[in-house]
Number of protein chains: 2
Amino acid sequence: MANIVRLALAQINPIVGNLDYNYKKIADTIAKAKAKGANIVAFTELVLTGYPPEDLVLLPSFVQHNLDLTYSLAEESRDIFLVFGFIDLDQDTYNAAAVAYNGKLIYRYHKVFLPNYGVFDEERYFRRGTAAPIFKIGPVSIGVSICEDIWHPVGPANVQAYHGAQLLININGSPFHAQKQRWREAMLATRASDTGCFIAYVNMVGAQDELVFDGSSVVFSPEGELIARAKSFEEDLLIVDLDLDESTRVRLRDTRLRQESEIRLLEDIKAEVMELEGSLNKLNALEIKSRIEKEQEKLEEIYNALVLGTRDYARKNGFSKAVLGLSGGIDSSLSAAIAVDALGPQNVIGVRMPSRFTSQASLDDAKELADNLGIELRDISIEPAFCAFLEMLKQWLPQTGSSVAIENIQPRIRATILWTLSNQEGLLLLTTGNKSEIATGYCTLGGDTTGGFAVIKDIPKTLVYELAAYRNSVAGRNIIPERVFTKPPSAELRENQKDEDSLPPYAVLDQILEEYVEHNKSALDIVKLGIDPAFVSRAIKLVDANEYKRRQSPIGIKITPRAFGKDRRMPVTNHYRGQQNL
Amino acid sequence: MANIVRLALAQINPIVGNLDYNYKKIADTIAKAKAKGANIVAFTELVLTGYPPEDLVLLPSFVQHNLDLTYSLAEESRDIFLVFGFIDLDQDTYNAAAVAYNGKLIYRYHKVFLPNYGVFDEERYFRRGTAAPIFKIGPVSIGVSICEDIWHPVGPANVQAYHGAQLLININGSPFHAQKQRWREAMLATRASDTGCFIAYVNMVGAQDELVFDGSSVVFSPEGELIARAKSFEEDLLIVDLDLDESTRVRLRDTRLRQESEIRLLEDIKAEVMELEGSLNKLNALEIKSRIEKEQEKLEEIYNALVLGTRDYARKNGFSKAVLGLSGGIDSSLSAAIAVDALGPQNVIGVRMPSRFTSQASLDDAKELADNLGIELRDISIEPAFCAFLEMLKQWLPQTGSSVAIENIQPRIRATILWTLSNQEGLLLLTTGNKSEIATGYCTLGGDTTGGFAVIKDIPKTLVYELAAYRNSVAGRNIIPERVFTKPPSAELRENQKDEDSLPPYAVLDQILEEYVEHNKSALDIVKLGIDPAFVSRAIKLVDANEYKRRQSPIGIKITPRAFGKDRRMPVTNHYRGQQNL
């Protein structure tokens with residue numbers, strides 16, 4: 001007397017704007033799901049357009065093409081219940097889920113909760129929906145919602161559960177940050193046990209500009225148990241067999257649920273119950289299918305996010321090869337390793353660009369790294385250009401000693417060299433600045449901040465070391481040479497320069513930055529954590545003073561809850577110093 | 001039997017984040033308004049925090065300091081009815097207007113309509129209000145609302161009019177674009193005659209990052225006539241005497257208004273009528289005060305916006321002096337003239353940076369311009385560095401002929417020179433690229449696109465010529481030399497190079513760009529306007545392909561309805577080509 005359905009969660013990697021490519025990928029995956037005997041297949045949020053489409057949503061031709069393809073895709077729903085994300089247009093635009101069955105588009109669900117915080121701008125593009133559909137096919141009862149809808153404690157899912165839904169399909173484009181998966185799975189477990197429904201959470205995989213999507217689609221039982229998990233950072237088609245009667249059993253048993261369902265739900269969301277012909281539970285289920293892929297550790301998931309982010313940026317923007325400067329330091333070493341894992345060693349070119357201030361150790365470490373990674377290494381001394389600039393500008397520079405202006409000529413020459421190689425050979429220029437540097441402005445406009453893609457832009461220096469060590473541990477040998485970890489960080493722009501001449505020690509700095517940038521704490525709040533007030537004050541002043549540099553940085557991969565970029569929108573012109581008060 | 005009040009509209013220039021500076025400026029201006037006998041004084045939207053404060057709104061210390069100062073400012077309302085913008089915090093944050101009277105904060109109005117399109121992100125920061133207050137003081141009845149509230153045909157203003165308001169004070173931070181003032185004044189005339197109320201529209205002046213606010217505060221009579229206008233692009237305190245009985249007279253006379261007022265207004269907005277003690281119409285008005293400043297012509301207002309935008313960016317970011325490259329072309333010539341008008345000739349340094357490809361005419365024209373403007377001119381040939389780079393990179397560059405990579409070395413050397421001067425002397429580096437170049441990517445990353453502030457970023461090339469001619473006409477002589485207008489534009493990066501070798505003629509290109517960028521039209525739409533399909537196709541492909549360059553440009557002044565920047569949020573990774581279809 002089971003009521004078993006076979007569900008396929010299609011975790012694919014679409015490309016923003018490439019409607020035809022996405023269409024074909026979806027259609028092919030529907031065919032695969034059918035071949036595996038699935039009765040239901042669900043794709044991710046705005047999968048047809050790619051996510052997030054940003055101001056493409058404002059183009060009528062774009063929205064219309066997406067609508068045409070939506071109707072066409074719906075025809076692929078013969079013998080399967082199909083859910084996928086698209087942009088609906090009906091007086092206004094909606095972030096929508098198409099529900100198709102028996103070859104017809106039967107419903108267009110409109111996302112109710114539109115995120116407009118952090119990296120999200122959905123109120124800019126979409127009108128909110130007001131209906132919660134429940135699809136009844138024989139003994140099977142399904143609710144559909146989109147991403148943010150399931151994060152709210154009262155929303156469409158509760159309305160659907162109240163009207164008997166056993167399976168809640170929630171389709172997602174949920175941007176990655178480190179350890180988000182745990183938080184998300186805890187929330188989903190709660191929602192499942194709150195509603196007494198199966199929750200099938202299907203999440204996009206792939207990268208789009210500064211965002212990475214990790215996949216890691218999951219299914220939770222009506223008792224809040226994790227019963228299936230797809231791969232992380234890879235495409236996957238997760239097949240799960242569910243006995244939907246379990247939902248009914250839990251809800252009949254659990255008085256708490258019945259009482260909760262009597263609370264008047266959000267008046268704004270009205271239930272729409274549809275009774276459909278046919279059957280979804282025709283499965284001859286002698287063996288219940290499911291799998292739980294392992295959860296990745298923190299360093300593993302961050303590293304994989306960086307690799308996927310770099311690979312997808314290159315691939316989706318037409319680059320097969322990349323170039324970067326190798327200084328022998330930890331930042332460029334880690335960036336090179338990520339580039340190699342993203343693009344292959346044959347597609348990465350490292351360039352050593354020594355000056356009079358470059359140590360032999362730096363040169364040797366860069367060489368050893370390039371050898372270990374198996375990448376091409378080029379050597380271009382910056383001295384001829386450096387001498388030329390010093391001569392050309394001598395009238396305007398101090399006659400004795402150095403200056404920041406003189407120091408900064410060097411990264412600017414290096415940028416010109418790398419851009420020239422990039423232009424000449426069609427190489428993606430990877431910059432190697434870390435979050436600690438970018439936060440404090442310890443970088444040069446027109447120099448190391450200029451490039452095509454900023455690989456470790458959101459990685460604090462201390463985490464750079466951890467990720468480098470992680471990469472070595474995976475290899476089982478020191479791909480990144482031991483000495484790169486132990487020598488004190490230096491920009492080598494003058495004699496005996498050390499980063500810590502200008503900045504607080506990185507271990508302290510990174511703690512301050514996390515509190516200040518990610519948690520919006522003030523200097524006073526941070527000092528209360530026991531950190532040296534002088535360091536706190538210095539670090540925060542630097543962050544406040546350098547917004548203009550960050551505004552001109554290339555985009556890079558977000559891995560923290562609050563990256564520089566769309567996440568943190570500080571004015572450049574900004575006199576507020578209240579966060580610095582002690 | 002008149003019911004006369006004296007209204008002061010305080011059009012001041014606040015600084016984002018500088019709460020104490022703004023506080024003092026507001027307090028001083030209240031004193032001035034009192035000295036002029038005003039009974040009512042109104043300041044602009046979020047004047048206390050500066051506008052737009054962006055993610056500063058998310059900082060508890062910032063919001064708290066603003067609240068403390070709000071209560072303190074309210075005490076300045078002895079003998080005057082005071083309205084000013086601040087951030088309210090009451091369970092959530094609101095874009096609010098403080099209403100103070102007799103030394104007390106009597107009401108905190110919450111903006112009802114929160115713009116979340118174009119450059120606006122107000123749904124990111126604020127909860128919407130639900131109340132429309134009416135303040136009755138003897139025979140005087142006043143409504144207060146904020147900016148966007150008055151743009152909607154049914155909103156707080158109608159509710160206030162229905163409950164007897166005679167004067168509607170609307171406080172604004174309305175970003176400038178060319179000719180917006182006409183559109184705005186037409187709308188306000190309509191709202192005044194729709195409601196039968198005086199409308200006092202007070203708008204911010206000054207610049208904040210990419211936005212300029214033009215001031216041009218106005219008052220309309222209940223019959224929709226313009227009766228007062230403040231200056232444009234300058235601080236001003238506009239004093240207007242109003243006989244509020246005119247509102248009553250118009251509304252008793254005009255049956256249409258009475259019928260309209262019986263329509264059930266937005267249920268969400270509830271009226272709150274407050275009866276207050278005292279008197280506002282104690283004016284001994286023997287002579288009715290008012291003035292109407294002249295409306296500026298299109299070129300005049302755009303030029304003034306660029307000057308104010310540049311001056312405020314420099315001033316508010318701590319720069320007194322600026323540097324820019326002078327190529328002898330129209331873009332750098334116009335940019336230099338704007339810089340001089342913004343900062344004074346003694347604060348602008350021009351740099352000629354010739355190469356082997358620079359013509360004598362370019363050198364002469366740059367010299368003549370610098371002489372005419374009275375600015376310092378420096379000469380730094382780029383040849384030594386250019387030769388050095390060609391030698392350093394010869395293994396990686398074509399052995400014969402030129403290449404884009406070789407060409408681009410030159411602007412990159414120039415950027416290094418200018419950055420070095422900027423670093424050494426604390427100069428603001430102004431870039432001189434126009435909108436046509438930035439749209440089509442006819443510019444070099446790490447070269448002419450890198451700098452501190454992009455003066456003419458939103459000015460299409462054809463408008464650059466018009467503005468240059470306008471500047472000469474104002475001077476009554478050719479500040480910008482005649483030949484700069486007549487010679488064909490060239491980047492002079494190779495022999496005999498002309499812009500039109502790579503781009504459609506600018507007259508055509510700019511028309512295409514306006515349709516494509518500002519109006520979101522497709523290639524097909526644009527060809528229907530009678531433009532050569534080959535040019536349309538080429539231009540649009542270039543715009544689509546160069547989002548990554550724009551993302552790294554410095555900020556610059558918005559003067560069109562849709563500038564590159566916060567206004568247009570296109571993904572960098574974007575495969576959509578549907579707009580290119582013919």
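Let's start in chain A, where the axes of helix 1 (residues 19–35) and helix 2 (residues 60–74) come within 11 Å and cross at roughly 15°. Axes here are lines fitted to C-alpha atoms, for helices over the stretch in contact, with angles running from 0 to 180 degrees between N-to-C directions. Helices (H or I, at least four residues) and strands (E, at least two) are DSSP runs numbered from the N terminus. Helix 1 of chain A and helix 2 of chain A are therefore roughly parallel to each other, the label for angles under 35 degrees. Their contact involves Leu19(A), Tyr23(A), Ile26(A) and Ala27(A) from helix 1 of chain A, and His65(A), Asn66(A), Leu69(A) and Leu73(A) from helix 2 of chain A. Contact means that the C-beta atoms, placed from the backbone, lie within 7 Å. By class, that makes six nonpolar, two polar and no charged residues; Ala, Val, Leu, Ile, Met, Phe, Trp, Tyr, Cys and Pro count as nonpolar, Asp, Glu, Lys and Arg as charged, and the others, Gly among them, as polar.

A word on what you're looking at: this is a predicted model, in which local features need pLDDT of at least 70 and side-chain atom pairs count only at pLDDT 80 or more, while totals for chains, interfaces and linings use all residues. Residues are numbered from 1 along each chain as its sequence is written, and chains are lettered from A and ligands numbered from 1 in the order in which they are written.

Now over to chain B, where the axes of helix 1 (residues 19–35) and helix 2 (residues 60–74) come within 11 Å and cross at roughly 15°. Here Leu19(B), Tyr23(B), Ile26(B) and Ala27(B) of helix 1 meet His65(B), Asn66(B), Leu69(B) and Leu73(B) of helix 2.

Chain B also has an open sheet of seven strands, ordered 13-12-9-8-7-6-15, with mixed pairing; strands pair if DSSP finds at least two bridges between them. Strand 13 (226–229) and strand 15 (270–276) of chain B sit at the edges with a single partner strand each, so one side of each has no neighbour in the sheet. On average, neighbouring strands of this sheet are turned by 20° against each other, direction ignored. Within it, strand 6 (residues 131–137) and strand 7 (residues 140–146) of chain B pair antiparallel over four bridges, and Lys136(B) stands opposite Ser141(B) in strand 7.

Technical notes. Parallel < 35°, antiparallel > 145°, perpendicular 65-115°, else oblique. Contact = placed C-beta atoms within 7 Å.
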